[in-house]
Amino acid sequence: MKIAKLNTYFWQGNEACAEAAIIAGCRFFAGYPITPASELFEHMAKRLPQVGGITIQMEDEMASLGAVIGASWTGNKAMTATSGPGFSLMQELIGYAFMTETPCVIADMQRVGPSTGQATKCGQGDVMQARWGTHGDYSAIVLAPNSVQEMFTLTIKAFNYAEKYRTPVILLADEIVAHMREQVTVPPIERIEIINRRKPKTGEKAFFGNEEVPPMPAVGEGYNVIVTGSTHDEYGVRSTANPIVHRRLVERLNNKIQNHAEEIADYESYNVDKCRIGIVAFGCTSRAIYEAAENAEKMGIKTGYVRLRTLWPFPEQIIRRLAKSAKKIIVPEMNLKQIFYEVERAAKGSAEIIPLNKIGGGELITPEELTAKIQEVAKEEKK
Amino acid sequence: MTQQFSIRKYLRDIEMPFCPGCGIFTVMNAFLKAVHELGHEDLSKFVFCSGIGCSAWIPSPHFIADSIHTPHGRSIPIATGVKLLRPDVNVVVFGGDGDIVGIGLSHFIHAARRNLDILVIMVNNMVYGMTGGQVAPTTPFKIKTTTTPYGSFEQPLDATRLAVAAGACYVSRWTTIHQNELRETIKKAMKMKGFRFIEAVSQCPTAFGRRVGFKDAGEMLKWFKENSVSIKQAEKLDEDKLAEKIVVGEFIQRQRPTFVDNVYKMIEEAQKIDEN
């Protein structure tokens with residue numbers, strides 16, 4: 001099997017991510033082993049050479065993302081994968097990739113933190129790290145799959161956004177989605193949209209400005225490109241004292257994503273305009289919403305939900321809509337309120353936001369627990 | 001017959017930030033002269049990677065070339081990605097001692113171990129120059145720096161001997177007083193494959209010399225001249241005497257399978273298996 005074709009597969013989340021990356025055109029993977037992302041690395045080690053690509057194990061996570069960035073500047077699509085502790089180490093180079101506008105994909109299969117925490121157990125504690133992990137002002141694109149099929153589709157999307165916006169993209173999965181096996185349908189290849197970065201035309205020289213997303217040359221092709229993580233003008237020349245140059249650069253880097261927030265924002269929603277109780281969830285936790293909503297409906301509680309596929313840009317409009325009809329919104333998370341405040345911010349006081357949190361041991365929030373919470377909240381509301 | 005050497009041909013018309021008397025000018029000159037003497041009319045066959053610090057600014061943004069100015073210590077990993085996918089270009093890393101064997105030490109050792117086909121030129125000024133003269137992993141024992149005001153109480157690291165031990169193919173060390181040797185060693189290294197490491201011991205009159213009592217750059221060069229000994233000479237010196245000397249020369253030249261070759265061989269093997 002060179003490239004997975006139109007077929008149904010029984011893949012692990014990590015495998016689906018690897019196969020999707022190959023379909024998206026990824027030909028370089030550098031990583032450092034870490035649970036629960038190692039299977040993705042191992043699958044890439046086996047599969048990439050079969051399609052002429054390279055997988056290497058570097059000495060640490062900084063080196064891994066560094067090699068990925070170097071590979072990307074040769075004009076190739078590249079990715080790395082890790083989990084919380086490794087993701088922390090990568091933050092330095094995530095900032096660099098953002099500042100140098102280097103397309104790349106970083107998959108973070110979350111486990112329980114802080115620190116080494118519980119290596120083999122599922123958590124969702126890297127949400128804020130994915131958004132604000134590195135220093136300075138930047139706008140992250142963060143995608144969060146909740147199934148193996150979605151691991152496949154969102155990985156392709158991650159590569160497409162990376163190329164389209166010339167930026168690092170974070171695929172924020174979790175241990176459960178990374179490790180579980182499910183059926184995945186690979187659509188006909190010609191129906192899969194693959195975006196490639198725009199290359200400069202002859203004579204073009206402003207690789208870091210003039211346009212929202214400037215064209216990206218490859219090194220070794222005669223463009224004499226200057227790549228630097230320091231503040232630079234549109235030609236790449238360092239300018240570390242001029243406030244105007246910095247503002248112009250960093251505002252553009254943020255705006256090229258923020259201006260397309262609505263376009264990038266992706267979610268699944270149900271009954272948002274006519275519900276009493278709302279649920280907002282993402283990743284493995286969101287797998288409980290379907291059954292819980294069904295249970296609640298049977299009890300006569302009108303329930304609607306938003307399942308976030310992009311955590312950032314945060315899908316604010318849909319949350320606002322939900323908050324207009326639902327008086328109360330429950331936010332189940334396997335962390336201590338990391339997406340909660342985002343929901344609260346987007347709701348702008350139109351609804352009461354209620355947390356439902358569980359951490360440690362990889363214990364999921366079950367449909368029963370979520371149903372019970374809906375019942376409790378509905379009862380309180382009647383009083 | 002090659003044209004007369006003009007350094008300007010390879011340099012952007014950008015003001016240089018280096019202090020008067022800085023050894024970087026010598027290293028830059030030696031490198032570009034070597035490039036010229038090897039017959040490169042421009043730097044189109046090169047990609048430069050460099051980290052943070054004064055020496056990282058040698059290629060970026062001054063060379064008219066592709067240059068990647070990376071975060072502190074990460075020039076070698078980024079060079080790894082570039083070289084693996086563009087085996088046809090010469091990847092050269094410039095960096096200071098803090099960048100290459102301070103924060104970037106592990107990358108340095110692993111690249112040498114893998115025998116990654118890059119040339120690393122480390123400008124060793126024995127101090128963290130750009131940040132104001134703090135102690136470096138290469139600062140000699142007892143030398144005063146801004147973070148060791150009573151003299152350094154750490155033993156310095158010998159990056160050259162470390163490169164040899166880690167598996168580099170070609171390793172040499174010279175000082176900025178050895179301009180010709182420096183140029184020749186760069187030329188030699190550029191003609192080879194595998195991991196090549198050149199240490200250029202250099203003067204930093206501003207953040208180092210000034211504080212330890214050298215009047216100017218010239219005095220530091222005199223110090224290099226008087227204290228440099230060849231590897232042969234060094235063999236006859238006892239350890240105490242050797243500690244104060246700068247051992248210069250070619251430390252190793254050998255052939256080992258390179259990382260790039262090994263990676264592409266692996267891909268070839270993988271594809272054969274897939275066909276069966």
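Predicted model: local features only at pLDDT ≥ 70, side-chain atom pairs only at ≥ 80, totals over all residues.
Figure 1. Neighbours within four places in sequence are set aside here; beyond them, Ala173(A) is in contact with Asp108(A), Met109(A), Gln110(A), Pro145(A) and Met151(A). Gly86(A) gives a reference point for scale: the C-alpha atoms of Gly86(A) and Ala173(A) are 14 Å apart. In sequence, 87 residues separate the two.

**Figure 2. Packing of helices α1 and α2 in chain A.** Helix α1(A) spans residues 13-24, and helix α2(A) spans residues 38-47. Their axes are 8 Å apart and meet at an angle of about 40 degrees. That angle makes α1(A) oblique to α2(A). The crossing is right-handed. From α1(A), the contact draws on Asn14(A), Glu15(A), Cys17(A), Ala18(A), Glu19(A), Ala21(A) and Ile22(A). Facing them in α2(A) are Glu39(A), Leu40(A), His43(A), Met44(A) and Arg47(A). By class, this contact of α1(A) with α2(A) has six nonpolar, two polar and four charged residues.

**Figure 3. Packing of helices α1 and α6 in chain B.** The angle between α1(B) and α6(B) is about 50 degrees, and their axes are 8 Å apart. This makes α1(B) oblique to α6(B). The two helices cross in a right-handed sense. On the α1(B) side, the contact is made by Thr26(B), Val27(B), Ala30(B), Phe31(B), Lys33(B), Ala34(B), Val35(B) and Glu37(B). On the α6(B) side, it is made by Gln179(B), Leu182(B), Arg183(B), Glu184(B), Ile186(B), Lys187(B) and Met190(B). Eight residues of the contact between α1(B) and α6(B) are nonpolar, two are polar and five are charged.

**Figure 4. Salt bridge between Glu37(B) and Arg183(B).** The N-to-O distance between these side chains is 3.4 Å. Glu37(B) belongs to helix α1 of chain B, and Arg183(B) to helix α6, residues 179-190. The pair links distant parts of the chain, 146 residues apart. Both residues also take part in the helix contact of α1(B) with α6(B). Glu37(B) is partly exposed, with a relative accessible area of 32%. Arg183(B) counts as buried, at 14% relative accessibility.

**Figure 5. Salt bridge between Lys9(B) and Glu41(B).** The side chains meet at 3.2 Å, N to O. Lys9(B) lies in the segment before α1 (24-37) of chain B, while Glu41(B) lies in the loop between α1 and β1 (46-50), so the pair ties together parts that are 32 residues apart in sequence. Lys9(B) is partly exposed, with a relative accessible area of 28%. Glu41(B) also counts as partly exposed, at 42%.

Figure 6. Glu294(A) counts as partly exposed at 48% relative accessibility. Lys298(A) is exposed, with a relative accessible area of 66%. Over all chains, the structure holds 38 salt bridges.

**Figure 7. Two cis peptide bonds in chain A, ending at Pro36(A) and Pro313(A).** Most peptide bonds are trans. The bond from Thr35(A) to Pro36(A) is cis, with omega near 0 degrees. Pro36(A) is placed in the loop between β2 (26-31) and α2 of chain A. The bond from Trp312(A) to Pro313(A) is cis too, with omega near -5 degrees. Pro313(A) is found in the loop between β14 (310-312) and α11 (316-325) of chain A.

**Figure 8. Positive phi at Glu101(A) and Lys337(A).** Most residues other than glycine have a negative phi. Glu101(A) is not a glycine, yet has a positive phi of about 55 degrees. Its place is the loop between α4 (84-100) and β5 (104-112) of chain A. Glu101(A) is buried, with a relative accessible area of 0%. Phi of Lys337(A) is also positive, near 65 degrees. Lys337(A) lies in the loop between β15 (328-333) and α12 (340-347) of chain A. At a relative accessible area of 28%, Lys337(A) is partly exposed.

Methods
Residues numbered from 1 in each chain as written. Chains lettered and ligands numbered in written order. Heavy atoms only, no water. Axes fitted to C-alpha atoms, helices over the stretch in contact; angles between N-to-C directions. Helix = DSSP H or I, 4+ residues; strand = E, 2+ residues; numbered from the N terminus. Parallel < 35°, antiparallel > 145°, perpendicular 65-115°, else oblique. Left-handed = near helix turned anticlockwise from the far one by under 90°. Contact = heavy atoms within 4.5 Å. Nonpolar A, V, L, I, M, F, W, Y, C, P; charged D, E, K, R; others polar. Salt bridge = Lys/Arg side-chain N within 4 Å of Asp/Glu carboxyl O. Buried < 20%, exposed > 50% of the residue type's maximum accessible area, 1.4 Å probe, protein only.
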